[in-house]
Structure formats: structure tokens, C-alpha cells
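Hi,

Here is the structure I promised to pass on.

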Amino acid sequence: RRRFNSYARQPAIGQERSPTASRQTLSLPPDTTTQLADINLRLTPFSGAVNFQLVYELDKKLATNRREVYTDINPYTGRQIQVGEGHYVKIDELHYVEDYEKGQFIKIIQNLEDKPVSTVDAKVQLRVRPRAFRPMRQINPPAQLRRPMTSANPLLSNEAKLPKEIQTQMSQRWNRWLKSFSFSVRHSLTEEQEGADQLAFYLLQQRQQAQTVYGRHNQRYQATFSPSPQFSVDLNYVRNDSLNRRVNNRERNHRGQNWNLRATINPSPRFSVGWRSERRQDLEQFTQFGLRASESRQLSNLDQFEQSNELDLRYELNQNFRVNWIGMQEFTRDTDSTTKDPPAQTQTLALENQITYSLVGKGKFNFSYRLAYGKSSGGTPFIRYNFYQGLSHKASISTDYRLEKFTDLHLRFNYRLLSTELQKPEHRAEMEVRAEL
């Protein structure tokens, strides 16, 4: 599907119509938002067992350069924001992490200028699920063709049936194992360029170059093996590449990849065992622009690595009561080549218990307690700003209840306790009442 800028029935100012309706000459201002092409293709053959989707959008629009400022001063009252009242936690001047429990900073966005750019958005997705395949029913042949042919020698007829039975059994086994697998592949990218080479840009040949204002490429691969409801294995791989030159007159170049492996065993309807292993690596660079290219300077060159393993045991006593025991092991390492600090490494071992009691149609009650031990070496840990040296205790209680009286009242209560070797116990409680009229 291809659409041009002929949204109005009558010719607009600066637009001339030729005698042929399929050809148009557009004379538009350079800052006009347009849409040059929009292609959407979807195929679902084999009864939906294969799902293929292609999306391609070509556009010309305005890209906004903005300034982001993080502050701990409320702009309306002028007072300092306390811990838990903000949305972000400060790591350093370049990195802020979103955290509504410990946040002490808020973000203020200011739009500076708009510039016309060429934009392309593309997505390709393929999903294969053999389990969904349903073969067409074969038409029953006439009765005279269905009559078996008798053989003069019964031994030969039995020997002829034996290979067919073996082939049928092998075919059934092969189909059963094939239906246990499923996988999906997804690629999505966005590219915004100023003064781009049009042909190479349309063909996606020049991405994240010197003309790029913003570029992103996301790749996702997922494979699942589940021969029965009692056992399943999931493997996920995600890769992200991005380049952003729209914020604070800086360039942020990010490369990241993440491996995630999950396995679940259900020996009985009430008991299940889960295992998860995750491996993540990120490369991030910040560069400050100058008046000339030679005046640009590198602000940060951060290499982050994180690996975690988790074992989850879950037991359901009944429909309302569930208990979880979770054991975790985490390892992190981060290095910034622009500083003289040595590489920082952390290692944490934790054991967490969770209890959940559900009131069907009314609410639920959750209790969790986590005991962890952490140690670090080298510089200051960067990846995990909430890393705690030595023993740490963390407990939380949350309840939700709906009271149906004259109106629907939702009662919510949250409590959290955090105690470490280096800081005093911290208690935090929140209560909320919401009425729906």
C-alpha cells in the first residue's frame, strides 16, 4: 500500500494535479510532516502454524532536539524532594535509574528546536508453531475403492502390513516431537537521518551513520521446547543497538545483548521447579558535542556485564495458598575506560521466601522475606546501585482488599523493611483507599 499527500479532495495551495490521477507534483514547505510509503504484509499459511509479518513505513517529519534536566527541587513548591517522592535515583551525572521507592529526582524535558528528517520504520516478524497446524481432511474414497484386495498368500499380506505399521509409528513420533518445538524471530528498526542519501536510506543500507539523528535496531530470537505439560524449556536472545543525538547536545551509543534460559518441571499439579539463567552485556558511550568536530570529547565509555542464576520451588497447598522458595546467585562487573578507577566486581547470594494467599474476588495477601550476602572488589559498583555489602535483610507485606458496601472500596497496604550492615533499619509503610462511584 502506497499513500501520497492527497488527503484533501481539492488541490491545496502549492499542489498541482496532472491529468493522470496517479501522478502528483508536490511543492511543500521543508518542515511539513508527510508520509511517503506505508507497506503492511501479513501471511499465515498452514492453518496459522507459520505467521509472517512485514511492516515498512517511509516518512518525512520533524525531529525535536530536547534538553533533559534531573533535579531534586520541586519546581512548583521550591522545596527539596525527599527519598521516595521522586521517580529517579542518581548514579552519576550521566545515569539516572527509575525507582519509585527510592527516587529523589524528577526529570524536566525542554524542547529546543525541530529539524526536518527522513524516517524509516521497518519490522519483520516470523513465528512458527507446528502445534497449530491442522491438515486438511482427506476425502473418503468410494466404497468400491476402499475394499481391501485379498491376497492368495496370507503370509505375504501380513509382511506387507508390518512395514506400514512401523512407518505409521515413526511418523506419529516425528509429528509429536516436531509439535513440541516453536520459535520466533523479530527484527525492528527505526532510523532518522538529516540530509540522507535517499536511495541507500530507503534500502536500509546506511544506518547509524554520521547523518543519523536517532537510530535503533532491536533483534529478538525465541525458541521453546515443550513435549508435555510437565516440562518446558525457553531460550531467548535479545540484541539492541541504538544511537541517539537528540538529547542534551550529546551522543549516546549503546550496544547490548541478553541471553535468557528458563526451564520448568511440574512433577505434580501442586509442585513445580523452575530454573532461570540470564547473561547480559552492555557497551555504552557518551560524547559531548563541541562547536567543531575536533572539540568533541568523550564523557563515558562503560562496559557492563551481569550474570544471574535462579532456582524457584513452588508449592500450591490449595487454590488460595501458595509458597515459593527462591535461591539466587548474581555476579556483576563494570569498567569505565575514561576514568582511572579499577574494574568493580560484585557477587551476591540470596534466599527468598514468598507466601501468597488469595481471596477469590476480594483481594490477596503477599509476604516475602529475603536474606542476602554480598561482597565487592575494585571500584564502586555501578550496575547495581542498590548493592549491599555483607548481610542484608529485606521484608515486605502487601495486601489488597475490595469492600463492596454502599460503593466499591479498594483498600491497599504496603510495608517494607530494609536492614543492612552499613545502615540502620529502614521502615516504610503506605496505605491507600480508593472509592469507585
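Below is what turned up, starting with the ground rules.

This is a predicted model, so local features need pLDDT of at least 70 and side-chain atom pairs count only at pLDDT 80 or more, while totals for chains, interfaces and linings use all residues. Residues are numbered from 1 along each chain as its sequence is written, and side-chain values use heavy atoms, with hydrogens and water left out.

Let's begin with the strands (DSSP runs of E, at least two residues, numbered from the N terminus). Strand β9 (residues 212-228) runs antiparallel to β10 (residues 231-244), with 13 bridges joining them; strands count as paired if DSSP finds at least two bridges between them. Two residues separate β9 and β10 in a hairpin, and Q219 has R239 as its bridge partner in β10. Next, β10 is joined to β11 (residues 250-265) by 14 bridges, again antiparallel. D234 sits opposite R262 in β11.

Now look at H217, which lies in β9. H217 is buried, at 12% relative accessible area (buried means under 20%, exposed over 50%, partly exposed in between, with a 1.4 Å probe and protein chains only). Its side chain makes a polar contact of 3.4 Å with the side chain of H187 (a pair of N or O atoms within 3.5 Å; within protein, one must be able to donate a hydrogen and the other to accept it, and residues adjacent in sequence count only if both atoms are side-chain atoms).

Cheers

Note on methods:
Helix = DSSP H or I, 4+ residues; strand = E, 2+ residues; numbered from the N terminus.
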